[in-house]
Amino acid sequence: MARVLVVEDSAAMRAFVRAALEDESSHDPIEVTEASSGFEALRLLPRGPYDCVVTDVNMPDINGLELVNFIRKSEHHKQTPLIIISTQASERDKQRGIALGADSYLAKPFEPEDLRMLVRAHLDKRARR
Amino acid sequence: MVDQRDEFISEAQEIIEGLARDLLALDASVKRKEGADHELINDTFRAVHTLKGLSSLFGVARMSTLSHHLEDLLDEMRLGRVELTPKVLDVLFRAVDVYGQILAALRAGEPEPARSVDELLAELDSSVSRPQGGSANPLAEYDLDPGLLAVLTEYEEHRLRTNLQQGVGLFVIRVRFDLATIDGALDNLKSRAKPHGEILTYLPSGEGGDAESIDLDVLLASRQSLDVLRTELAGPNVQIEAVARRMQHRAVSEPPVTTFGGEAPRITTPPAAPEDTSLFAPRTQSGKEGFSGTTPRQAVSAVMMEEEPPPLVDVPRPGLSIRGVAQTVRVDIRKLDHLMNIVAELAIVRSALSRITDRVRGAPELRELGIELHRLHRGLDRHLGDLQSGILEVRMVPLGQVFDKLARVVRQISREHDKEVNLVITGAETEVDKLIVEELSDPLMHMIRNAIDHGIESRRQRDDRGKPETGTIALNAYQKGNHVVLEVQDDGAGIDEDKVLATAIRRGLVTESETAAMLQRDVLGFIFMPGFTTKDGVDELSGRGVGMDVVKTNISKLGGVIDVHSELGIGTKMTVTLPITLAIISALVVVIAGRRYALPLASVLEALVFDPATVRTIEQREVMTLRGATLALCRLDAFFGLPRPASANSSIRRFVVVVGVGNHRLGCVVDQLIGQQDIVIKPLGKSLDGVRGFAGATELGDQHVGLVIDAPAIVEEILAAGDASRLLGARRPTGATGGEA
């Protein structure tokens with residue numbers, strides 16, 4: 001079973017992402033772990049490993065970019081696929097996210113299918129490695 | 001998907017309430033001519049930002065469009081490109097209202113209110129003004145290290161630049177946190193750092209030595225000296241360093257390590273980051289790709305510590321893991337109603353158990369079993385009581401929720417009316433049943449509109465009367481036993497009793513001779529009559545076809561009562577007394593034809609001994625005279641079709657319970673008064689939905705299950721609606737049902 005960590009400060013958004021990822025009768029179901037802040041993500045990361053991390057950008061205290069940077073620099077999680085979801089689909093943020101090592105950038109609003117396909121693609125890629 | 005949508009609506013509601021609170025705080029700071037609090041502005045930005053994301057995901061198009069525009073505006077505002085003026089605030093307050101309308105429409109399953117959104121959007125553009133005189137961000141020369149900037153959001157970057165521009169010093173606090181306790185420890189650090197400056201961001205770095213702790217670099221802008229900060233924020237795992245500006249090193253082509261300010265001590269590189277460089281390293285060498293090599297984590301740690309980090313003091317506790325993360329749960333209030341219902345069912349089971357216990361104890365051969373059963377019963381009784389109060393507690397929310405809304409209304413109305421009004425709130429923390437809070441906001445809003453419109457005088461009048469130009473409306477809430485008292489008090493003109501009486505006489509509500517004996521309470525009671533106004537013209541504010549009678553009806557529906565006191569020239573005080581919860585009500589327990597019934601106390605006015613000699617029959621209906629007024633009577637046993645027990649004797653003393661609903665009064669004849677009791681009403685169930693006259697069933701004392709009488713339904717049935725809008729009693733009851741044959 002693949003494990004995905006979703007970092008997002010809006011509960012409704014987390015529920016949406018969870019539904020998007022778990023709503024699938026796949027041979028390889030996804031288990032979603034929710035973090036409501038960057039700090040919670042930091043706390044949950046050691047409980048991993050996670051096969052993919054999906055994070056929002058605009059969060060109080062530790063923002064998503066800082067989280068991406070942290071994960072990419074960390075010994076244990078630097079290989080973990082990272083997907084940024086954010087309404088700030090401005091070029092600036094997108095570039096920053098990618099430059100910091102995020103694998104994909106998905107602009108809100110998105111269709112559940114889009115996120116599901118994206119996560120699947122990263123999971124498959126990882127499995128092939 | 002339904003659950004998700006509910007989740008969306010309730011989260012949006014919370015965000016909008018928070019937004020309204022922030023706007024009020026901003027309004028206050030603008031009024032005090034202080035600069036607007038940038039943290040508050042950022043909070044408002046985050047609110048609409050989240051709303052935008054949510055509403056677009058859930059396909060709520062207008063809300064998404066509105067949020068999008070507001071987000072743009074607030075984004076520019078937090079980046080200092082747009083000024084926060086009272087005009088902009090007005091629009092933002094309007095936006096809160098429009099959000100409320102959209103949510104209301106969503107809840108009702110209706111389309112979003114397109115027009116109000118469009119109007120607001122049109123107004124958004126016209127209200128924006130940008131600061132004059134050059135760019136608000138002339139800080140390009142600061143040229144911060146791109147590695148640091150790479151992880152900052154645009155807003156964080158703006159705050160950093162703003163602070164540097166104002167000459168505020170920059171410090172890095174490196175803290176090691178135990179992951180299990182990071183939330184509390186971080187809040188502690190935040191609250192200690194806040195008085196000294198602004199926390200710009202938190203950069204997590206490395207992973208500490210183990211999986212149980214983490215190092216954080218906290219970027220703090222502060223006007224304090226390094227020494228002061230080191231003293232104030234000292235802790236076992238805390239190191240603080242000052243960060244120098246790159247400006248000072250621009251000309252220096254030395255290795256980019258000497259980055260401290262005046263005191264520039266020797267730098268020891270922390271072991272975790274061997275290839276450290278300066279936070280503000282020149283980017284000449286690497287150009288565009290520079291920051292891929294210079295990460296913020298390395299950059300910041302370069303200027304961190306003079307000594308090695310002291311050893312961890314907190315012992316990692318692997319057991320303390322992710323639990324305790326989510327400390328609140330949203331619950332549909334219907335689920336709580338359901339639980340309360342089960343408690344009521346259990347109370348009925350308890351009654352049956354109690355009866356059996358008594359029987360067993362009465363049998364000598366079962367004595368021991370009886371004692372044991374009795375003990376079990378007592379335990380059940382206690383736990384059931386705890387369960388009931390526990391559920392009730394969950395339903396409680398602070399009145400502050402509705403008060404915030406009122407503060408906005410006061411602001412808006414006083415502006416429309418050109419009256420300065422100061423709203424003073426006490427007791428916002430007083431807790432009331434969630435359902436009551438929701439139903440309260442409209443009546444309270446109306447009372448406050450009234451107070452501003454009819455109560456508070458114009459500036460000139462106030463000046464003439466020697467009152468301060470700014471009027472005061474006090475909104476007080478406090479708990480009194482099982483009730484909550486709400487007062488709306490103004491220091492305005494007061495209600496002119498003579499004027500009220502004159503209007504009442506003119507409208508035929510009372511005769512001149514009757515007025516002589518009336519108390520102030522009775523006179524002021526006229527303002528709760530439908531359509532009653534002493535004003536000649538219909539006023540835009542209060543005269544929207546809704547009068548104090550509607551307020552009174554709404555309050556009564558919640559089981560509350562409203563009272564008014566007024567002194568001419570001094571002010572008016574409206575007092576609303578409400579039950580704390582709708583789930584438990586106070587009732588008068590009566591006996592009718594040998595059975596017990598509960599009459600909700602909210603509709604009971606008084607009880608008196610029934611004197612058959614005073615009964616007259618008018619138009620085939622029994623009436624009696626009570627203090628000079630005619631009171632229609634209803635013999636409840638006959639009304640319910642109950643057979644009189646054979647032992648019934650007309651000489652036995654009976655009672656009249658006077659119930660009042662709106663302006664109508666009815667005397668209910670009952671056999672016995674048992675007393676007052678708090679009861680939990682349980683609905684009768686679907687199959688008995690059509691039965692009128694009963695609000696439900698309840699457990700009455702130890703052994704009785706009784707029906708709860710629906711007084712309003714009976715009054716309505718006995719007295720035809722629209723009849724006799726006399727305050728002091730219905731003169732011509734016309735109902736044909738009930739009564740004794």
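Reader: At what angle do helix H15 and helix H20 of chain B pack, and how are they oriented?

Author: This is a predicted model, where local features need pLDDT of at least 70, side-chain atom pairs count only at pLDDT 80 or more, and totals for chains, interfaces and linings use all residues. Residues are numbered from 1 along each chain as its sequence is written, with chains lettered from A and ligands numbered from 1 in the order in which they are written. H15(B) (434–455) and H20(B) (548–557) have axes 9 Å apart and pack at about 150°. Angles over 145 degrees count as roughly antiparallel, so H15(B) is, relative to H20(B), roughly antiparallel.

Reader: Which residues of H20(B) meet H15(B)?

Author: Contact means C-beta atoms, placed from the backbone, within 7 Å. H15(B) brings Glu439(B), Asp442(B), Pro443(B), His446(B) and Met447(B). Their partners in H20(B) are Val551(B), Asn554(B) and Ile555(B).

Reader: In what order do the elements of chain A run?

Author: Chain A has 5 helices and 5 strands. These are DSSP runs (helices H or I, at least four residues; strands E, at least two). From the N terminus, the order is β-α-β-α-β-α-β-α-β-α.

Reader: How much of chain A is buried?

Author: A residue is buried if 20 or more other C-beta atoms lie within 10 Å of its own. Chain A has 129 residues. The buried share is 53%.

Reader: Which element gives the largest share of the side of chain B that touches chain A?

Author: The contact takes 34 residues from chain B and 34 from chain A. Elements giving two or more residues on the chain B side include H1(B), H8(B) and E2(B). The largest share, 8 residues, comes from H2(B).

Key
Axes are lines fitted to C-alpha atoms, for helices over the stretch in contact, and angles run from 0 to 180 degrees between N-to-C directions. Angles under 35 degrees count as roughly parallel, over 145 as roughly antiparallel, 65 to 115 as roughly perpendicular and the rest as oblique. Two residues are in contact if their C-beta atoms, placed from the backbone, lie within 7 Å. A residue is buried if 20 or more other C-beta atoms lie within 10 Å of its own, exposed if 12 or fewer, and partly exposed in between; C-beta atoms are placed from the backbone.
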